[in-house]
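Student: Before I rely on any label attached to a structure, I would like to see the rule behind it. Could we go through the terms one at a time?

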Amino acid sequence: SDLFVCSARDGIQQLMTEAIEKRRKNPPKDGEECFVDMLIGLDDREHRIFADAVTYIVGGTHTTGNCE
């Protein structure tokens with residue numbers, strides 16, 4: 001159970017790290033920003049961007065799951 005959680009966390013962190021690097025190297029044009037760009041604009045520290053991304057993803061899953 002703990003191993004699964006750690007593995008999932010590490011996988012998400014790797015995906016976010018790659019996305020952040022790609023968007024920083026190739027910034028979008030005006031009007032073409034996405035979720036990752038918004039997070040980069042809020043804070044430039046990678047660990048904070050990752051923490052915010054996980055918070056929004058998990059929080060969004062729980063709130064949309066309760067809609068009827």
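The dialogue below sets computed values against the definitions behind each label.

Tutor: This is a predicted model, in which local features need pLDDT of at least 70 and side-chain atom pairs count only at pLDDT 80 or more, while totals for chains, interfaces and linings use all residues. Residues are numbered from 1 along each chain as its sequence is written, and side-chain values use heavy atoms, with hydrogens and water left out.

Student: What is the average confidence of the protein, and where is confidence lowest and highest?

Tutor: On the pLDDT scale, which is the predictor's confidence in each residue from 0 to 100, the protein averages 83, and 87% of the residues score at least 70. Confidence is lowest in α3, with a mean of 78, and highest in α2, at 89.

Student: How many helices and strands are there, and what makes a run count as one?

Tutor: Helices are DSSP runs of H or I with at least four residues, strands are runs of E with at least two, and the numbering starts from the N terminus. The secondary structure comes to three helices and zero strands, so the pattern along the sequence, under that definition, reads α-α-α.

Student: What makes the contact of Asp43 and Arg45 a salt bridge?

Tutor: Side chains of opposite charge can pair when their charged atoms come close. The rule asks for a side-chain nitrogen of Lys or Arg within 4 Å of a carboxyl oxygen of Asp or Glu; for Asp43 and Arg45 the N to O distance is 2.6 Å, so the pair qualifies. Asp43 counts as buried at 13% relative accessibility, whereas Arg45, at 42%, counts as partly exposed.

Student: How many salt bridges does the whole structure hold?

Tutor: The search finds four salt bridges. Among them is the one between Asp10 and Arg9, at 3.1 Å from N to O, where Asp10 is partly exposed at 41% and Arg9 is partly exposed at 41% as well. Another joins Arg48 to Asp52, with the closest N and O atoms 3.4 Å apart.

Student: Why are Arg48 and Asp52 separated by about one helical turn?

Tutor: Because Arg48 and Asp52 are four residues apart in helix α3, the separation is about one helical turn. Arg48 is partly exposed, with a relative accessible area of 38%, while Asp52 counts as buried at 15%.

Student: Why is the pair of Phe35 and Tyr56 called edge-to-face?

Tutor: Rings of Phe, Tyr and Trp (its six-membered ring) pair if their centres lie within 6.5 Å, and planes under 30 degrees apart count as stacked, over 60 as edge-to-face and the rest as tilted. By this rule the count comes to one aromatic pair. Phe35 and Tyr56 stand 6.1 Å centre to centre with 80° between the planes, so the pair is edge-to-face. The pair links distant parts of the chain, with Phe35 in helix α2 and Tyr56 in helix α3, 21 residues apart.

Student: Which residues form the nonpolar patch, and what makes them a patch?

Tutor: Patches are made of residues with over 30% relative accessible area and no salt bridge, where like charges are joined within 9 Å and nonpolar side chains (Val, Leu, Ile, Met, Phe, Trp, Tyr) within 5 Å. Phe35, Met38, Leu42, Tyr56, Ile57 and Val58 form this surface patch, with about 540 Å² of accessible area together. The elements giving two or more residues to the patch are α2 (35-42) and α3 (46-65). Met38, for example, is at 39% relative accessibility and counts as partly exposed.

Note on methods: Accessible areas come from the Shrake-Rupley method with a 1.4 Å probe; for residues, only the protein chains shown count as cover. Buried means under 20% relative accessible area, exposed over 50%, partly exposed in between (1.4 Å probe, protein chains only).
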